[in-house]
Amino acid sequence: MPPVITVEHLRKVYGHHVVAVDDISFAVERGEIFGLLGSNGAGKTTTVECVQGLHTPTAGTVRVLGEDPRAHAGALRGRMGCQLQESRLPDHMRVWEALDLFASLTPGAGDWREQLEQWGLAEKRSASFSSLSGGQRQRLFIALALVSDPEVVFLDEMTTGLDPAARRIAWDLIEEIRDRGTTVVLVTHFMDEAERLCDRVAVVDKGAIIALDSPRGLVVRYDPLEQVVFSAPDQDVEWLMGVPGARSVTRRGPRVVVEGTGPLLAYVGAALVERGLTPDDLRVIEPSLEDVFLKLTGHLVED
Amino acid sequence: MGGRRGGTRVLLKLAWIELKLFLREPTTLVFTFAFPVVLLFVLGEVFGNQPGGTDERVFAGIGAMNYYVPAYIAVVAMSVGVIMLPARLTGYRAGGVLRRFQASLVPVWAVLGSQVLAALVLSVVGSVLVAAFGAVFYPVHFPDAPAQLAVVFLVTLAAFAGIGTLLGAVMPSTRAAQGAGLMLFFVMLFLGGAGPPTAVMSDTMKRIGDFLPLTYAVDAMQAAWNGTGWDTTALIVLGALALVTGWLSLRVYRWG
């Protein structure tokens with residue numbers, strides 16, 4: 001099956017010399033959740049907005065469902081859903097009016113009342129846009145993106161402004177959307193979100209993709225060391241260097257951190273028991289996407 | 001998918017929403033509907049509607065209110081066109097409403113068209129209010145050529161809506177658009193025949209008036225109302241203005 005989205009050598013320069021995106025290429029396969037992960041200003045939003053046909057690329061080609069989103073926008077109407085990072089609706093527009101309007105863009109679209117329920121907006125049905133909280137607006141925009149039952153949906157920082165509980169609900173719903181067969185392009189600067197949701201993640205930094213793989217694949221490739229941690233005050237633990245796979249042993253106050261590869265926890269555990277030590281907080285810390293990100297970009301994501 | 005028919009449905013839906021949005025905004029509501037009636041009330045109290053007498057030269061012997069009511073129908077169309085439309089369109093752009101629409105591939109002609117459709121309905125309502133006020137209180141006679149009046153009204157509205165969408169398309173901010181719109185409105189109101197009639201204007205005023213679309217709209221509207229035949233020059237000027245501004249707005253319209 002051909003990819004849902006192909007981007008080849010995309011370049012976007014604003015004005016004369018502000019290079020927002022520099023030679024980005026990737027393909028999004030049908031039915032996956034594809035993530036663009038990076039800090040603010042990395043070029044993620046410019047990239048997806050070029051893909052959505054909101055900007056004309058300076059160079060390179062973009063195809064969505066086989067169509068050029070700039071030249072053949074009409075052919076994509078209703079097949080592509082978008083939740084934009086910065087946008088509004090008219091202040092006095094009511095929630096149901098917006099859903100009804102966006103549903104009417106696609107003849108034969110699903111019932112917008114379902115979206116109202118799904119995104120917890122039922123009791124806000126007749127509220128005006130300006131009276132909605134940030135989280136409610138965000139949920140309305142996601143609902144609008146999905147109301148035409150699109151084949152591919154773009155979600156740009158969709159959980160920004162949502163409280164933790166609403167974020168989890170949103171994550172579950174995004175997975176549900178994917179399970180229904182909709183391809184999802186997710187732009188985020190939240191590591192946990194990318195790790196939890198994405199089938200594949202492109203790490204974007206300074207206008208370029210610097211790594212692209214599944215979250216697990218990225219970790220294995222770029223930061224394969226795991227850490228085994230336990231408390232052992234006043235014990236000499238240097239001998240743990242002899243455990244298979246161990247690379248380093250560090251003491252941090254009462255805590256000992258063994259870094260290494262392989263089934264490290266099992267070997268360390270066995271070695272400790274052999275020496276008569278049974279710390280009750282022995283655990284493994286797996287490297288996270290955040291560690292990979294730090295390693296790849298040399299900086300953390302700033303909020 | 002959808003194509004033109006789907007687009008028309010979207011256009012009508014958007015226009016209907018626009019009308020509802022308008023009703024939810026008291027300021028524009030008052031300005032569009034009440035302001036022309038208040039001005040007309042002042043003029044009516046000062047000049048009355050007796051034909052002949054001292055007013056003969058000034059109001060072409062037709063009675064001041066028979067002169068002013070058709071003029072204020074043109075003013076209603078102007079107010080909707082140059083004040084409401086640009087403020088609405090620039091407000092939508094600055095707030096990201098247009099981006100929101102564009103991202104969902106709402107056609108640009110449907111966005112602009114819905115504004116124009118809403119403007120049509122609102123100016124018809126405003127005009128009926130103006131005419132009814134004149135008919136009830138002064139009494140202004142029924143238009144002599146109603147069909148002609150309808151044609152003139154449509155062309156007038158098209159011209160002002162064209163100017164308004166063009167302002168909305170090129171003005172950088174809502175404030176700038178409102179400023180430009182209000183300035184155009186008042187200059188035209190006072191020099192375009194809706195304030196002092198052309199007969200009492202100085203040569204300078206008349207020369208400025210010749211460049212104002214409202215002058216032509218007032219002339220054409222009065223000709224239809226009072227049955228003095230078609231004002232072809234005025235219609236050509238207004239029609240050309242509508243075409244040029246409409247074409248330009250579609251060309252230069254920026255979404256983001």
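Tutor: Axes here are lines fitted to C-alpha atoms, for helices over the stretch in contact, and angles run from 0 to 180 degrees between N-to-C directions; helices (H or I, at least four residues) and strands (E, at least two) are DSSP runs numbered from the N terminus. Residues are numbered from 1 along each chain as its sequence is written, while chains are lettered from A and ligands numbered from 1 in the order in which they are written.

Helix 8 of chain A brings Pro215(A), Leu218(A), Val219(A) and Tyr222(A) to the contact, and helix 10 of chain A answers with Leu289(A), Val292(A), Lys295(A) and Leu296(A) (contact requires C-beta atoms, placed from the backbone, within 7 Å). By class, this contact of helix 8 of chain A with helix 10 of chain A has 7 nonpolar residues, no polar ones and 1 charged (Ala, Val, Leu, Ile, Met, Phe, Trp, Tyr, Cys and Pro are nonpolar, Asp, Glu, Lys and Arg charged, the others, Gly among them, polar).

Turning to the strands of chain A, 4 of them form an open sheet in the order 11-12-10-13, with antiparallel pairing (two strands pair if DSSP finds at least two bridges between them). Strand 11 (246-252) and strand 13 (283-285) of chain A are the edges, each with a single partner strand, so one side of each has no neighbour in the sheet. From one strand to the next, the twist averages 25 degrees. Strand 11 of chain A is joined to strand 12 (residues 255-260) of chain A in the antiparallel sense by 6 bridges, and Arg251(A) has Val256(A) in strand 12 of chain A as its bridge partner. Helix 9 (residues 264-274) of chain A lies across strand 10 (226-231), strand 11, strand 12 and strand 13 of chain A, running at about 30 degrees to strand 10 of chain A.

Elsewhere in chain A, strand 8 (residues 200-205) and strand 9 (residues 208-213) pair in the antiparallel sense over 5 bridges, with Val203(A) opposite Ala211(A) of strand 9 of chain A. Their hairpin has 2 residues between the strands, and Lys206(A) there takes a positive phi near 50 degrees.

In chain B, helix 7 (residues 146-170) and helix 11 (residues 232-252) pack with their axes 8 Å apart, at an angle of about 30 degrees, and helix 7 of chain B and helix 11 of chain B are therefore roughly parallel to each other. This crossing of helix 7 of chain B and helix 11 of chain B is left-handed. Among the residues that make the contact are Gly162(B) and Leu166(B) of helix 7 of chain B, and Gly239(B) and Ala242(B) of helix 11 of chain B; the residues of this contact divide into 14 nonpolar, 7 polar and no charged.

Helix 4 (residues 64-95) of chain B meets helix 10 of chain B in another way: their axes come within 8 Å and cross at roughly 135 degrees, which makes helix 4 of chain B oblique to helix 10 of chain B, and the crossing is right-handed. Residues that meet there include Tyr67(B) and Met78(B) from helix 4 of chain B, with Met221(B) and Trp225(B) from helix 10 of chain B.

In chain B, confidence is lowest in helix 3 (residues 55-58), at a mean of 64, and highest in helix 10 (residues 213-225), at 95. Where pLDDT is low, the predicted coordinates should not be read in detail. The model scores ipTM 0.78 and pTM 0.78.

How values were computed:
This is a predicted model: local features need pLDDT of at least 70, side-chain atom pairs count only at pLDDT 80 or more; totals for chains, interfaces and linings use all residues. Angles under 35 degrees count as roughly parallel, over 145 as roughly antiparallel, 65 to 115 as roughly perpendicular and the rest as oblique. A crossing is left-handed if the near helix is turned anticlockwise from the far one by less than a right angle, and right-handed if clockwise. Two residues are in contact if their C-beta atoms, placed from the backbone, lie within 7 Å. pLDDT is the predictor's confidence in each residue, from 0 to 100.
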